[in-house]
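Thanks for asking me to go through this model with you. Please have the sequence and the structure open beside these notes.

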Amino acid sequence: MLHQVPSRFHIDVQKKYRVVPIGMSPLVRKMYAGSLSITNPTSQDWAKFQSFFRYAYHMKGEIWQGGSPVVKNNLGRANYSFEKDLFIAEWNRRIVGIADVTIELRIARAVIEWFVHPAVQRKRVGRELVKYGCERGRQQGAKVVQVCIPQEDKFTQNFAVELGFSQVRCFLGMEIVLTRPYERIPDSVAVEHFRAGDTAMLATVQNRVFKGSWGFCPNSPEDIRYFFRLTQSKWQDILMIRENAKIIGYSWLHPVIREGRAIEKRKWRLHMFGIDPEFQGKGWAKKMFQASLDHLRRRDASSLELTVD
């Protein structure tokens, strides 16, 4: 994770760049030779955008879930504008890159995610998309812009530093194989499943768990409902520990979307996990995590992945 305090530079959304591609096959050189244009999309760009989005999913090893519903969920978050917070990079009228900007005004932060076609990587397409995203964040009042870059991607790290970003956090992707034996702790805990009326209570406990953490942005019931749709979660896969009708801990699990299958039901992800601060230090987290593993084994899961800050 890198972040930048945006400076006051101006970017012309219609600005074009003349780029001579090198190191490509003659066919690809002909296809992508020309000028680069960075613009905000319009409704007329929707079909082209969907086509490129499907390609981006394929390149990331994920599957396009039947077209526009997933995109509409992804782009349907609160305070998001498809025509202002999304940027598309075109080379000779072909989309070769996209950048998506999430504005979190509650903490004056903007988060940029982007994808560039491999044929034009290292051709400053990603750099220009990030610059547009930074300007959009500045215009909306963001004091910090953040991006996530894989540790092995030195090229992107270098141009991000050149743009003024600095490293602030390292996130570890971790996985446990559930088909192997694992040592269980002696005590178990009774868990309940998420119910329709628990949304506001879950938002409250999430805010109590993460308040004071770096990058914390308060959750609302609308945020919970949005991520519920986005992760294609099921009520029975959000586990909770209650005490006197109060949620003291929770574990939010969902299947991982992978290329080639609608949902890879045997591979799961731990989306969110936490114990209310009032009950921390008493062993509840170990019991909650073990209950999660037991639940996934009953669901015939083969592995569980998570991200650790």
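The numbered points below go from the whole chain to single residues.

1. A word on conventions. This is a predicted model, in which local features need pLDDT of at least 70 and side-chain atom pairs count only at pLDDT 80 or more, while totals for chains, interfaces and linings use all residues. Residues are numbered from 1 along each chain as its sequence is written, and side-chain values use heavy atoms, with hydrogens and water left out.

2. The overall picture. The protein has 8 helices and 14 strands; these are DSSP runs numbered from the N terminus, with helices being H or I of at least four residues and strands being E of at least two. Of the 309 residues, 47% are buried, where buried means under 20% relative accessible area, exposed over 50%, and partly exposed in between (1.4 Å probe, protein chains only). Contacts here are heavy atoms within 4.5 Å. Among the contacts with a separation of 6 or more, 71% join residues 24 or more positions apart. The protein exposes about 16,700 Å², and carbon and sulfur atoms supply 51% of that area; accessible areas come from the Shrake-Rupley method with a 1.4 Å probe, and for residues only the protein chains shown count as cover.

3. Helix H4. H4 covers residues 125–139, and its 15 residues reach 21 Å from the first C-alpha to the last, close to the 21 Å expected at 1.5 Å a residue; the expected span is 1.5 Å times one less than the number of residues. H4 is mostly covered, with 11 of its 15 residues buried. Among these buried residues are Val-125, Leu-129 and Tyr-132, as well as Glu-128, Glu-135 and Arg-136. After H4 comes Gly-141, with a positive phi near 95°.

4. The largest core. Which residues have the most contacts inside the largest nonpolar core? They are Val-125 and Leu-129, in a core of 25 residues. A nonpolar core is a set of buried Ala, Val, Leu, Ile, Met, Phe, Trp, Tyr and Cys residues joined through side-chain atoms within 4.5 Å. At least two residues of this core come from each of strands E3 (34–39), E4 (86–91), E5 (94–104), E6 (109–116) and E7 (144–147), and from helices H4 and H5 (154–162). H4 gives the most, with 5 residues. Leaving out residues up to four places away in sequence, Leu-129 touches Ile-38, Phe-87, Ile-88, Ala-89, Gly-97, Ile-98, Ala-99 and Val-116. There is also a second, separate core of 18 residues, including Tyr-182, Val-189, Leu-293 and Leu-296.

5. Helix H5. The buried residues of H5 are Thr-156, Gln-157, Phe-159 and Ala-160. Their cover includes E6 and H4. Gly-164 follows H5 and has a positive phi, near 105°.

6. The pair H6 and H7. Helix H6 (residues 199–210) and helix H7 (residues 221–230) pack at an angle of about 100°, with their axes 8 Å apart. Axes are lines fitted to C-alpha atoms, for helices over the stretch in contact, and angles run from 0 to 180 degrees between N-to-C directions. H6 is therefore roughly perpendicular to H7, a label used for angles of 65 to 115 degrees, with those under 35 roughly parallel, those over 145 roughly antiparallel and the rest oblique. H6 makes the contact with Thr-199, Ala-200, Leu-202, Ala-203 and Gln-206, and H7 with Pro-221, Ile-224 and Arg-225.

7. Gln-232 lies in the loop between H7 and E11. Its phi is positive, about 55°, although Gln-232 is not a glycine, and Gln-232 is partly exposed, at 23% relative accessible area. Ser-233 is in the loop between H7 and strand E11 (238–243) and is buried, at 6%. Beyond its neighbours within four places in sequence, Ser-233 is in contact with Phe-228, Trp-252 and His-254.

8. Helix H8 and beyond. Apart from neighbours within four places in sequence, Gln-290 is in contact with Arg-184, Ile-185 and Asp-187. Asp-300, in the loop between H8 and strand E14 (303–308), has a positive phi of about 60° although it is not a glycine.
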